[in-house]
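This report describes one structure in plain terms.

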Protein chains: 2
Amino acid sequence: MATSNFSLAEKWLVKKIQRSIGHAPVRMVLGRDDEIPLPGVDSKPRVIIRDRKALLRMLLDPEVGFGDSYMEGRVEVDGDLVRCLEEVFRSMHKAKAATWYGELLSRWLAWAQANTPRGSAKNIHRHYDLTTDFYKLWLDSRMVYTCAYFPTPQTSLEDAQLAKMDHVCRKVQLGAGEKVIEAGCGWGALAIHMAKEYGANVRAFNISKEQIAFARERARREGVEHQVEFIQDDYRNISGKCDVFMSVGMLEHVGAEHYTQLGRVIHRTMGNSGRGLLHFIGRNQIRPFSTWIRKQIFPGAHAPALREVMDIFEPSNMTVLDVENIRMHYALTLEHWLARFEKSTQRVQEMFGADFVRAWRLYLAGSIAAFTTGSIQLFQVVFAGSECKRIPWTRAYLYQDQQEIAAEKEPRWIRAMS
Amino acid sequence: MATSNFSLAEKWLVKKIQRSIGHAPVRMVLGRDDEIPLPGVDSKPRVIIRDRKALLRMLLDPEVGFGDSYMEGRVEVDGDLVRCLEEVFRSMHKAKAATWYGELLSRWLAWAQANTPRGSAKNIHRHYDLTTDFYKLWLDSRMVYTCAYFPTPQTSLEDAQLAKMDHVCRKVQLGAGEKVIEAGCGWGALAIHMAKEYGANVRAFNISKEQIAFARERARREGVEHQVEFIQDDYRNISGKCDVFMSVGMLEHVGAEHYTQLGRVIHRTMGNSGRGLLHFIGRNQIRPFSTWIRKQIFPGAHAPALREVMDIFEPSNMTVLDVENIRMHYALTLEHWLARFEKSTQRVQEMFGADFVRAWRLYLAGSIAAFTTGSIQLFQVVFAGSECKRIPWTRAYLYQDQQEIAAEKEPRWIRAMS
């Protein structure tokens, strides 16, 4: 790509862009050398704008303009991409709201990617059916594509994904022989874990064809095909009864306008005596999800504020028992993924091209920055039906090891005191 | 009180009342003997309606009618009062909504007891200034009038109140020399505990004159008067800065319409880097608080749904880190209080009369039933400003003892990973 010569007017435009991202302490550079100096800031990451198209796009909408231009190689970042994005996220919060173009694009995407039954199928297909081989390149060996739980920051990704699966199973006090419905089961890791390690009978739903095919084969291979049924269907069509409703990393794809419907599905299946867990990316405030991520990576995605999530629980009088925010664990999970991804870029480029590699690098790095700066959160919500008798007395058992628990005289859950 | 002879029409009215409470399996008895038989139910508690006034009141509004009549001795309960109320609460949920009279009364109380600065002062005075001597009769020795935390159900009330104070201090990772603002400090137990045990500097607010006077004297007696300042003022007037904002059992008296204002106070004092905890009685759904309790016990009280509480956090982009629901601990706390109260009824009657004794018995027993049946919940919400760096990595440290923590090499909180 040729280095352009930029005019004074263009330099003025760069200043406008800097204002729109709240004067984040990153240097903007035109072409290779026409740096716009930023007083008092050095050794900071440099954003190199390579052509006029990138400049105009970023003027129209800094986020999508930057994302698309980065994807196409029209913008580069010299320095640590994650740190650069962290600086921008911290500053953007203080800057004024989206441009008219950004606002329009955001609304148009919300409409075009609406999570109707047909829309969801399309949205999920686009991301999760990118081929299992692609995800195998950088996920852990169990293929868990959700936030891990690291007992300490030094825990390996493999162990942390295992710890996460145990963490959510223990949070709902999953017992042998219990019926579980899992909504959005990915490649089946958690469903199979619940069957093998907890003796649960699981019916797991997912609308990704590739993931379901993989999960079924895996259940056969692991000898739990009689305990785990993988069903290729929309959460809206979930039928049957369960003791425990489990959903890890699906709520982001439901859309806030469908939460009362999801609540009806949960209540229909677990009744007033069941219990459940939702694990999802959330936010402090009600806001649309990143427009660029929706455009290029996760069509139809939405990270809800806790207020919105209450639409699921309130109508059927469900009780929220426990909310844990482990957003820094997602940042760390993503660091592992990004490091593994970077080792496979050659292979990914052969599969999908250079633009894809850059887009996914930006998605993974941007997600790290969004979690570390608190732009997004990771919530695990444990809830129960209004007549559930299996309420833990305290949460201490979650932090004891299994041997300690086995040695205890007292039950880990207490029936209603009466 | 004379036993009345009730007519057929009155017996028909009793059936109407039974319908209005969802046909709870309790027997209603007119006078001493005219029992209205309930098929298939025996050895259940009996509600004895002693006169026509009680009957008509319960027809107008089952809750307030029952409460006021019980208070005046026009209605008695033969059998376990708590179990009886539990049955009613479970059934009432299924019955139709309030009567027109009940609806009107509820709205009138909401207006008459509104938590304006002047209204709050009146409301708080009515309950908390009943005299410290009265509360000394049945609270623990530290005078903690909020839900305790029982590591096991066998823990004593004294130990459980101590454990609760440590639980909330550890949840916010209170450190020596930190500045705490406490909103609604009761008789000062927690403020003094934070100063003595954690080395914090506390400014504690309360509009109850009696409580503040007691707390100041206590701080002097315990030698922490330079570390703890007790201020008789409304939470709306809180000024100054803090590291930690703490409020245990005050939110119930704020009123949902003032939550954004409370949020501004919290944000003004702790800024974007502070952290805090709110401990309060909540609900699964948005509903007015018990009309009878508001009329006779807690004027202006409201137990919010989590959705309502988000008004406090959202506007200033605060993050919810942790929500714990320990409603069964409040049921157990209240069982301790009720047992102690029953031992002091002679003395209470001398102080305030027989109606007062019955009203408070009903309040304490009814609160137990409301918690065990899930009509109300007890939430502890830990939150942090958008730039808070002191976020715990996991919650495991809450469940280790202090020696284990002291021996650890790893910090219990991790600065943003970057």
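Chain A holds 17 helices and 13 strands. The model is predicted.

**Overall form of chain A**

How does the radius of gyration of chain A stand against that of a compact globule? A compact globule of 418 residues would have a radius of gyration near 22 Å, and because chain A has 23 Å, the two agree. The C-alpha trace of chain A spans about 75 × 45 × 40 Å along its principal axes. Of the 418 residues in chain A, 51% are buried. Among contacts in chain A with a separation of 6 or more, 73% are between residues 24 or more positions apart.

**Two domains**

The domain assignment of chain A gives domain 1, residues 8–96, and domain 2, residues 117–387. The centres of these two domains of chain A, taken over C-alpha atoms, are 33 Å apart. Their contact takes 13 residues from domain 1 of chain A and 17 residues from domain 2 of chain A. On the domain 1 side, the elements that give two or more residues are α3 (62–71) and α4 of chain A. Of these, α4(A) gives the most, with 6 residues. By class, the domain 1 side of this contact has 7 nonpolar, 2 polar and 4 charged residues.

**Contact between chains A and B**

The contact between the chains takes 40 residues from chain A and 40 residues from chain B. On the side of chain A, α4 (81–92), α13 (306–313), β10 (319–325) and α14 (327–343) each supply at least two residues. The element that gives the most to this side is β10(A), with 7 residues. The residues on the chain A side divide into 20 nonpolar, 12 polar and 8 charged.

One residue of helix α14 of chain A is L332(A). Is L332(A) buried or exposed? L332(A) counts as buried because it has 25 C-beta neighbours inside 10 Å. The C-alpha atoms of L332(A) and E86(A) are separated by 14 Å, while the two residues are 246 residues apart along the chain.

**Strand pairing**

Strand β10(A) is also joined to a strand of the other chain, β10 of chain B (residues 319–325). Within chain B, β11 (residues 377–384) is joined to strand β9 (residues 275–282) and to β10(B). The table gives the bridges for each pair.

| Strand pair | Bridges | Direction |
|---|---|---|
| β10(A) and β10(B) | 3 bridges | antiparallel |
| β9(B) and β11(B) | 8 bridges | antiparallel |
| β10(B) and β11(B) | 6 bridges | antiparallel |

Between the chains, E324(A) has D322(B) in β10(B) as its bridge partner. Inside chain B, I281(B) stands opposite L378(B) in β11(B), and V323(B) stands opposite V381(B) in β11(B).

How many of the residues of β11(B) are buried? Strand β11(B) is mostly covered, with 8 of its 8 residues buried. In a regular strand, side chains alternate between the two faces of the sheet. From β11(B), Q377(B), F379(B), V381(B) and F383(B) point one way. L378(B), Q380(B), V382(B) and A384(B) point the other way, and the residues of both sets are all buried.

Notes. Residues numbered from 1 in each chain as written. Chains lettered and ligands numbered in written order. Predicted model: local features only at pLDDT ≥ 70, side-chain atom pairs only at ≥ 80, totals over all residues. Contact = placed C-beta atoms within 7 Å. Helix = DSSP H or I, 4+ residues; strand = E, 2+ residues; numbered from the N terminus. Nonpolar A, V, L, I, M, F, W, Y, C, P; charged D, E, K, R; others polar. Pairing = 2+ DSSP bridges. Rg over C-alpha atoms; globule rule 2.2 N^0.38 Å. Buried ≥ 20, exposed ≤ 12 C-beta atoms within 10 Å, placed from the backbone. Domains from an automatic or database assignment.
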